[in-house]
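Colleague: I should like to go through this model with you. Could you take my questions one at a time?

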Amino acid sequence: MTTISENPTAPATPATTEATGLIGFIPVHIARALTLGGGALTVASCFLAWTWTARFPGDLTVYGYPGGLQLQVLVAGLLTTLFALSSYGIKGTRWLTPAGADGAIKLAALAAFATAWYTVAAISIQLGGPVNLEPGGAVVAVATLLALVGALALPFERPATHPADPEDNGWDQFKHRASNGLTSFKAAFGTTGTPRRLPPLPTPVEILIIAGVLAVALGVFTYGIGTEYDELFIGFLITAGFGFAAVNKSGLLQQATQLTGKHQNLTIAGAFIAAALFPFTQTDDQYATLGVYILIFATVALGLNIVVGLAGLLDLGYVAFLGVGAYAAALVSGAPTSPFGVHLPFWAAILVGAAASLVFGVLIGAPTLRLRGDYLAIVTLGFGEIFRIAVMNTDGTSGPDITNGSNGIASIPNLDFFGFDFGAEHTIAGFTIGRFANYFFLMLLIMAVVVLVFRRSGDSRIGRAWVAIREDETAALAMGINGFRVKLIAFALGAALAGLAGTVQAHVTYTVTPEQYLFAGPIPPNSAFLLAAVVLGGMGTMSGPLVGAALLFLIPNKLQFMGEYQLFAFGLALVLIMRFRPEGIIPNRRNQLEFHEKDETPATLAKAGA
Amino acid sequence: MTTTTTKADATTEPATPETVLDARGVTMRFGGLTAVRDVDLTVRSGEIVGLIGPNGAGKTTFFNCLTGLYVPTEGEVRYKGQVLPPKSFKVTAAGIARTFQNIRLFNNMTVLENVLVGRHTRTKEGLWSALLRGPGFKKAEAASEKRAMELLEFIGLQDKAQHLAKNLPYGEQRKLEIARALASDPGLILLDEPTAGMNPQETRAAEELIFAIRDMGIAVLVIEHDMRFIFNLCDRVAVLVQGQKLIEGDSQTVQSDERVIAAYLGEPIEGDAPTDAPADTPAPAGTPKAPATEAGAPEEAAAPKETTGKSPEKPSEKPSEKSSEKPSEDTPHDPASGKENDA
């Protein structure tokens, strides 16, 4: 009976609540004011003490300036306040929200709320109860809550939902209403509109904006890599995640993409300069180490992206090529444990490494590339393991003495490039550049080569042939593309690029052992993580695998307190990302169109790729 | 009736034919199933040849045999006198392009990129030239792009060059597939049901497009179910039933053949034994029952009869055309032939 009485009201509600928010009872003008006030209060509260003792890391006890997690809440609060101001149409802030403010406000408020409440909860739990909060802690909790409530009360366009069928049984009705609720919940955070086109700006201004964007990116990255304790890193993930989403919703990101797309070469050059500045922001070599490893990982991921993202060949044994390059370089490095007593100069070693990988790529590719799809994946997975086991067994007892078996090749000497010793510290313009920073610069150079190869090969006759094969192999063959040959080129090119990175990796890590080149393991450069970096970042794009690799390296590295659950949490995160953003963090415009067909997306594609 | 007028010049044109496609005794077996049995077919330059038959008759299988997607179990296919290699990309390189029955565009590539992929066999830039980006690379890319844009203009899609192929409406996707096939500068284009799912206006437009393709000097072999379309369009029509060629001839001959009607209406083929295939030669115009005279000789059931009947047909028909016309034909006809040779 209740269902019948409810049904007539159901169609009526959408009509009356046309422009209410998720929290319906607060009038819009109050909600907006609440958001603004909450945001401003959040900003202010970051300058208060949140706890009385410095036992909680980050020293949140000081009045006057924010520290640790307070800084993150401050940034999120600032975003909320600015977006709220922008929604009032205040002069000077309107440019912040070219796609409408409300969606951005909601996510920014959520960022502030989540980070603040995470901090408050962490303090309470770690120090034994909310007693340990200073008034500032309570203020920030209330302020962010107010901002969030205000933001959620902001109106949004409710999607049309169908009322439940009164003849259904209770469970079906419940399911139906739940799905309706979910739809409007999703719509609440949906984009409010398509972003305004950027007004035509003089080129120097555009370049300045790009430089600014890159500087912010460098800042965020440097901050993330430098987070010293777990709470700070988790807070960083929360703030950065929601903050990124908020900026995305505001439409600023699309405008930035528009600009960077216009000055592509300049942006890439700028990004490299920004990356090269990274070691100068560090006082010791500790984080440069992470930087090198991320670069190695990212370079290999970008190489894999040629194979997987462009040519569509699912290669699950890709790390073997990194291993081949590393072993080749180690064997000719003059390391005392190397059975070959040769010591080639670095330029020769790098060629040997890349060439060895290339040869292996062709050898493995020639028989396997006749397979398609899952079968190729299975076979490459097998070859990856064959490499590792073969290296393990060529130790002089089970087989010929080539690789020193499971002990690997140890104490690989540092590179010496025309008198520049990579192992020593150098001082450049007053900055001390340590060993890992030296390798960081070298890796950056190699990555530049890989980026160049990726871009140029992707945008050419052969690149189009790769994409055609990925799209429809039969049709590609019928268009006169020699499928096998073209796929083999992709496979070999990918292998050579991985080998290139491997030569540096051998020197950075001092030692190469077979256990570094697993299919899956907790330490990043392994086949599963490489593939995850490509898929997570965005297949077929240039920047996607770089971002994906950075995240995939940093997250396990920073979350070591999770111990055994690390891989589990990681897997869960991957599943969630694939569910909600299947095209990857930085989507290829093509894929975005592919995965979100129903959304309104521009029908045209100005310039392929990203 | 514009169609009739175009057809009029169509008949005058093949006065100078060169055999472009020559399939002899093509048989395709899948295990115990014989999908195509001993089919002969020739296409001469400047000709539009239709291939019809009920569903499951083996038309598409025959197409796949012609384009190297399948390797025929028996028989051979020659293109301009050369036996075709058994790989589909080599067939395309040789000069036979095709479209697919169910549209197979590269959905997530732009319209322009789709056509550029079609240029693949006619360009040579490999990986190194792509990486080094010398002047030769830029010139070749610019040339490819220019040719692709010309083709898009030819089919009327120049304004949608940057759209994703999958966002095009159905009819335009069909057209784009044709443009992509044309991009490989073929001497023969095989169209597999080019008007399937189109409305009458679109069908008319497709007809005009195919005539325009023929006027470019490209021979056309087309599979279609739309009989009006086929009989308006084609100089000759071959009928395939249960994997065998039933009859080949001009529209009237085929239209009035009882076995064709029977095949389409579902009457058992064995039912009308007295008629026979060797009908054919494009010449006879208004003689509906012409084949019947020849029919008496072989006495087996329709199927074997046909094969025997055909073998004499082929040699008789070919030399007559070839000897008289081939030399004169080469020059005016196809602009693509030069490129074919260096491919």
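Colleague: Which residues in H2(A) meet H5(A)?

Modeller: This is a predicted model, in which local features need pLDDT of at least 70, side-chain atom pairs count only at pLDDT 80 or more, and totals for chains, interfaces and linings use all residues. Residues are numbered from 1 along each chain as its sequence is written, chains are lettered from A and ligands numbered from 1 in the order in which they are written, and side-chain values use heavy atoms, with hydrogens and water left out. On the H2(A) side, the residues are A:Ala31, A:Leu34, A:Thr35, A:Gly38, A:Gly39, A:Leu41, A:Thr42 and A:Ser45; their partners in H5(A) include A:Gly136, A:Val140 and A:Ala147. Contact means heavy atoms within 4.5 Å, and helices are DSSP runs (H or I, at least four residues), numbered from the N terminus.

Colleague: How many residues of that contact are nonpolar, polar and charged?

Modeller: There are 10 nonpolar, eight polar and no charged residues. Here Ala, Val, Leu, Ile, Met, Phe, Trp, Tyr, Cys and Pro count as nonpolar, Asp, Glu, Lys and Arg as charged, and the others, Gly among them, as polar.

Colleague: At what angle do helix H2 and helix H5 of chain A pack?

Modeller: Helix H2 (residues 28–45) and helix H5 (residues 135–152) of chain A pack at about 155°, and their axes are 7 Å apart. Axes are lines fitted to C-alpha atoms, for helices over the stretch in contact, and angles run from 0 to 180 degrees between N-to-C directions. H2(A) and H5(A) are therefore roughly antiparallel to each other, a term for angles over 145 degrees.

Colleague: Now a loop: where is A:Tyr65 found?

Modeller: A:Tyr65 lies in the loop between H2 and helix H3 (69–87) of chain A. Beyond its neighbours within four places in sequence, A:Tyr65 is in contact with A:Cys46, A:Phe47 and A:Gln70. From A:Ala49, A:Tyr65 is 16 residues away in sequence and 9.0 Å away in space, C-alpha to C-alpha.

Colleague: How many residues of chain B are in contact with chain A?

Modeller: In chain B, 35 residues are in contact with 35 residues of chain A. The two chains bury about 3200 Å² between them, 60% of it on carbon and sulfur atoms. Buried area is the accessible area (1.4 Å probe) that two parts lose on being put together, summed over both.

Colleague: What is the mean pLDDT of chain B?

Modeller: The mean is 76, and 73% of the residues of chain B reach 70 or more; pLDDT is the predictor's confidence in each residue, from 0 to 100. Over residues 271–343 of chain B, pLDDT stays under 50. Where pLDDT is low, the predicted coordinates should not be read in detail.

Note on methods. Helices (H or I, at least four residues) and strands (E, at least two) are DSSP runs, numbered from the N terminus. Angles under 35 degrees count as roughly parallel, over 145 as roughly antiparallel, 65 to 115 as roughly perpendicular and the rest as oblique.
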